[in-house]
Amino acid sequence: MGLDLLHNLATGFGAAASLNNLGFAFIGCLLGTLIGVLPGIGPIPTIAMLLPITFGLDPLSSLVMLAGIYYGAQYGGSTTSILVNIPGEASSIVTCIDGYEMAKQGRAGPALGIAALGSFFAGCVGTVFIAGFGPPLAAVAQQFNSPDYFSLMVLGLVTAVILAHGSVIKAVGMVLVGLLLGLVGTDVNSGLTRYTFGISEIWDGIDFVPLVIGMFGIVEIIRNLEQTTLPRPHLVARMRDLWPTGKDLRDSWQAVLRGTGLGSILGILPGGGAVLASFASYTLEKKVAKDPTRFGKGAIEGVAGPESANNAAAQTNFIPLLTLGLPSNAVMALMMGAMIIQGIQPGAAVMTKRPDLFWGMVASMWIGNLMLLVINLPLIGIWVRLLSVPYRLLYPAILLFCVIGIYSINTSAGQLTICVVFAVFGYFLLRFGCEPAPLVLGFILGPLMEENLRRSLVISRGDPMVFIERPISATLLATTVVLVLALIVLPQFRRTRREAFQE
Amino acid sequence: MFRIKSPQDAGAAVVFIAIGVAGIYFGSDLRFGSAGSMGPGFFPVILSWTIVGIGVIVGAKALAVEGPRIEPIQLRPILVIVSSILIFGYVIDKVGLAITVALLTILAAFARKWREVSLLETVLLAGGLGVFCVVLFVYALAQPFPAWWGR
């Protein structure tokens, strides 16, 4: 086992360390830091915009680059939170609280330093988690049959809904609408087209890229423009010294460890991700602190914990996708889309059929975290200066990249029309308090769920008992039921869920 | 009469019920089949009924529980952004990437209030982005767009 792991890691580093893949990892990390720093654009639209460009790359290069954007954004997001009190990313919202306080006290340097060092440590541990947990989980997944997969997806979607913020019942509705949208197009079994209304652009199904760019990228631009004051960064402090003092390190090393542990575990859960991890870590730090009143007044633990947690979660998020083929949040749904575009069905088979791909990604994440440390700490001045670019110059460029990305799918105006439809749809749903992320999860899982349901019921000749007769499936469904019951019956559970997202 | 206590939930309920009903109506042409041999209509129609059910629950909640109001919808940003995307799609193969990019940049500027838009700045940005996009997409990434007019 130990030797196996070494052998596998060697394969991975061999694949990831090619000049080509190092280059793509660097581009991904650089882009990730850039969009992490800039408020108003996040990893979801960025990855969606770049999907069409990855058509021509080899699978490992494209995945390495796209993954770099996700965890790179976790590094960049903290910079904006600490220096200007605007979260560069949703996962850095809590970092604003104590990070900006530290900056006001002239301690922006140590805050940035501990955020980057904590992130690096968490990233390394997260990578080890993937290497350690991946193979055993994949081995379990090899035992899975259609009914088990169906139940796994039910559990995944339910957990995703419970762990996401906002109304649970509306999120369930969005998942179901997503599943339905995922079925649009030609049915593989009967060859009939469903819900296409004679529109040729959607005969093969609704394209993933215009849907995601419309619902995330375009809606985000429109919402930013609606604000009377466009996000305008205001810098408070000059940095003197980036390195945390000995006291800073003594104060924060435990928070880094706790954040890393919490983030690694929350990242594996379906629906868990960088955002949830950072909120949970902040709450935890406040609970275990000897003097909780320091929080909100520049406590370094309030930066170290959440920043470690979000980066750990950004790594371990890949575990369910790479081993079970189950995307746990919208970013992972995009990674799944990228793999499918390359002709790779995510899941346990990736590890056995394409070990270079799995281990290459693991290795690239470690390399990427090292690159990010270098990109972020010495070059911090450049990123800070970027913040002074006003949004009015930024949004035309973001809009252009979105539009050109979609147009390049098949150089026709049709996909742009689809994007516009989903932008308007997503805009109104957001006004009604419905988040788009659950819809995207449902959308990517729709066809898979139908296929596994069909196969299960063919095996059992139409008897739905098949889902509770198989032990794996029964366990998964029982877990789902317990979770749903807990949400309905235990008011305590509901309150904790609400509090975790408030702060 | 009932009073809507949560406008956001009411809006969501209408959307869900509309989508569910549409799913059932347009799915009724598809063969439903049976559990043992699912037709193309089986899964979508069951999903649609569930969506209607969720819509009803959200609607009931809208009447029962107080909730936040719907933020006013500003037409200007959404209309300008949406139409500039559509115009991009319909002119790019006729006038090429450079002009289309410049055009979209200038159009998109007017998603903000008139008096906030500096004409000189917008024109400079349009020119800059035009050159940048042509270099990046046509030359560096070799995307099959015409750079200038139909070429």
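Angles under 35 degrees count as roughly parallel, over 145 as roughly antiparallel, 65 to 115 as roughly perpendicular and the rest as oblique. In this predicted model, local features need pLDDT of at least 70 and side-chain atom pairs count only at pLDDT 80 or more, whereas totals for chains, interfaces and linings use all residues. Residues are numbered from 1 along each chain as its sequence is written, chains are lettered from A and ligands numbered from 1 in the order in which they are written, and side-chain values use heavy atoms, with hydrogens and water left out.

The model has an ipTM of 0.92 and a pTM of 0.85. The average pLDDT (the predictor's confidence in each residue, from 0 to 100) of chain B is 87, and 98% of the residues score at least 70.

Helices α10 (residues 246-268) and α11 (residues 274-288) of chain A pack with their axes 9 Å apart, at an angle of about 140° (axes are lines fitted to C-alpha atoms, for helices over the stretch in contact, and angles run from 0 to 180 degrees between N-to-C directions). α10(A) and α11(A) are therefore oblique to each other. Their crossing is right-handed (the near helix is turned clockwise from the far one by less than a right angle). For helices α2 (residues 19-37) and α4 (residues 59-84) of chain A, the angle is about 30° and the axes are 6 Å apart. The crossing of α2(A) and α4(A) is right-handed, and their contact has 13 nonpolar, 13 polar and no charged residues (Ala, Val, Leu, Ile, Met, Phe, Trp, Tyr, Cys and Pro count as nonpolar, Asp, Glu, Lys and Arg as charged, and the others, Gly among them, as polar).

Between the chains, α20(A) packs against helix α2 (residues 42-64) of chain B at an angle of about 115°, with the axes 10 Å apart. α20(A) and α2(B) are therefore roughly perpendicular to each other, and α20(A) passes α2(B) in a right-handed crossing.

α20(A) also gives the largest share of the lining of the second largest pocket, 6 residues. By class, this lining has 15 nonpolar, 9 polar and 7 charged residues.

Terms used
Helices (H or I, at least four residues) and strands (E, at least two) are DSSP runs, numbered from the N terminus.
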